[in-house]
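Thanks for asking me to look this one over.

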Amino acid sequence: MTTENTLTCAPMAPLLDHLFNEASAAARFDFTQIPEEETTRMMHSKTEYLNLYSLLKHMWLPVSRETGKLLYMLARSTKATSVVEFGMSFGLSTLYLAAALRDNGGGKVITSEFEPTKVAKAREHFVQAGVSDLVEIRVGDALNTLAVDLPETIDLLILDGAKVLYDDILHLLESRFHPGTMIIADNASYNQNYLTHVCSAENGYLSVPFSDDVELSVRLR
């Protein structure tokens, strides 16, 4: 009985190792260059979030290896074929998702990123991993790019972009959820409106914190 899968075999496994090493070695953004009150304002502003992430356009901002494995496991266990991702960055999380879809027999990851330089590098990574056929990148503000031409149902939603928009993105896509749709939100504590919504059984969710920085929710109805 073989235990081989897309995630743990070449070209995916060595590519992920290389990218995580590159991310670890990359320079960090020096937030001391910006007054703390300005950073806080941009983090919580629904009109200035693009300014903040423009400052971070060269930063990797990857998921952890553990969170990446969680994404793969959830996509495999739910037999997901329809995945939407808010916030692609250089595409590490997308690679885990695409690996799961490949091992599920196919599907599509619709992922969003507004920074063109990150999109270009992510495209290279998807080609190198052999999963570009499973990934559709939408370039621009996700409030616009994820508002049209989506599949009828979404099996898995990953929120890892501007935290202040988590509730808006959720409401934008919510009509396409089905019982069993999983939502994984990174650093959800930055958006209390989002947490209040998914932590309320009245809204049709069951939600639990997973590790220190991930909120895992499932649509119940």
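1. In which strand does aspartate 186 lie? Aspartate 186 lies in strand 5. Please bear in mind throughout that this is a predicted model. With a relative accessible area of 15%, aspartate 186 falls under the 20% cut-off and so counts as buried. If we set aside residues up to four places away in sequence, aspartate 186 touches Leu159, Asp160, Lys163, Tyr166, Asp213 and Val214. Tyr166 in that list comes back in point 4.

2. Now for the overall picture. The secondary structure of the protein chain comes to nine helices and seven strands. Of the 221 residues in the protein chain, 51% are buried. If you take the contacts between residues at least 6 apart in sequence, 73% of them join residues at least 24 apart.

3. Two packed helices are described by the angle between their axes and the distance between the axes. For helix 1 (residues 12–25) and helix 6 (residues 116–129), the axes come within 9 Å and cross at roughly 150 degrees. Angles over 145 degrees count as roughly antiparallel, and helix 1 and helix 6 are therefore roughly antiparallel to each other. On the helix 1 side, the contact involves Met12, Leu15 and Leu19, which meet His125, Gln128 and Ala129 in helix 6. Sorted by class, this contact of helix 1 with helix 6 has four nonpolar residues, two polar ones and no charged ones.

4. Ring pairs link Phe86, Tyr166 and Tyr194 into a cluster.

5. Which residue lies over the face of tyrosine 205? That is arginine 219, at 4.8 Å from the ring centre.

6. Helix 5 (92–104) gives us two residues to look at. Alanine 98 lies in helix 5 and is buried, with a relative accessible area of 0%. Leaving out residues up to four places away in sequence, alanine 98 touches Val109, Val131, Leu134 and Val135. Alanine 98 and tyrosine 72 are 26 residues apart in sequence, and their C-alpha atoms are 8.4 Å apart in space.

7. Arginine 102 is the other residue I would pick in helix 5. Is arginine 102 buried or partly exposed? Its relative accessible area is 31%, so arginine 102 is partly exposed. Neighbours within four places in sequence aside, arginine 102 is in contact with Thr6, Gly130, Val131, Asp133 and Leu134.

8. Finally, some backbone details to check if you plan to prepare the model for calculations. The peptide bond from alanine 10 to proline 11 is cis, with omega near 5 degrees, and proline 11 is found in the segment before helix 1. Serine 89 has a positive phi, near 55 degrees, in a residue other than glycine. Serine 89 is found in the loop between strand 1 and helix 5 and is buried, with a relative accessible area of 9%. Asparagine 187 also has a positive phi near 55 degrees, and asparagine 187 is again a residue other than glycine. Its place is in the loop between strand 5 (182–186) and helix 9 (192–198). At 25% relative accessibility, asparagine 187 counts as partly exposed.

Conventions
Residues are numbered from 1 along each chain as its sequence is written. This is a predicted model: local features need pLDDT of at least 70, side-chain atom pairs count only at pLDDT 80 or more; totals for chains, interfaces and linings use all residues. Side-chain values use heavy atoms; hydrogens and water are left out. Axes are lines fitted to C-alpha atoms, for helices over the stretch in contact, and angles run from 0 to 180 degrees between N-to-C directions. Helices (H or I, at least four residues) and strands (E, at least two) are DSSP runs, numbered from the N terminus. Angles under 35 degrees count as roughly parallel, over 145 as roughly antiparallel, 65 to 115 as roughly perpendicular and the rest as oblique. Contact means heavy atoms within 4.5 Å. Ala, Val, Leu, Ile, Met, Phe, Trp, Tyr, Cys and Pro count as nonpolar, Asp, Glu, Lys and Arg as charged, and the others, Gly among them, as polar. Rings of Phe, Tyr and Trp (its six-membered ring) pair if their centres lie within 6.5 Å; planes under 30 degrees apart count as stacked, over 60 as edge-to-face and the rest as tilted. A charge sits over a ring if NZ of Lys or CZ of Arg is within 6 Å of the ring centre and within 35 degrees of the ring normal. Buried means under 20% relative accessible area, exposed over 50%, partly exposed in between (1.4 Å probe, protein chains only).
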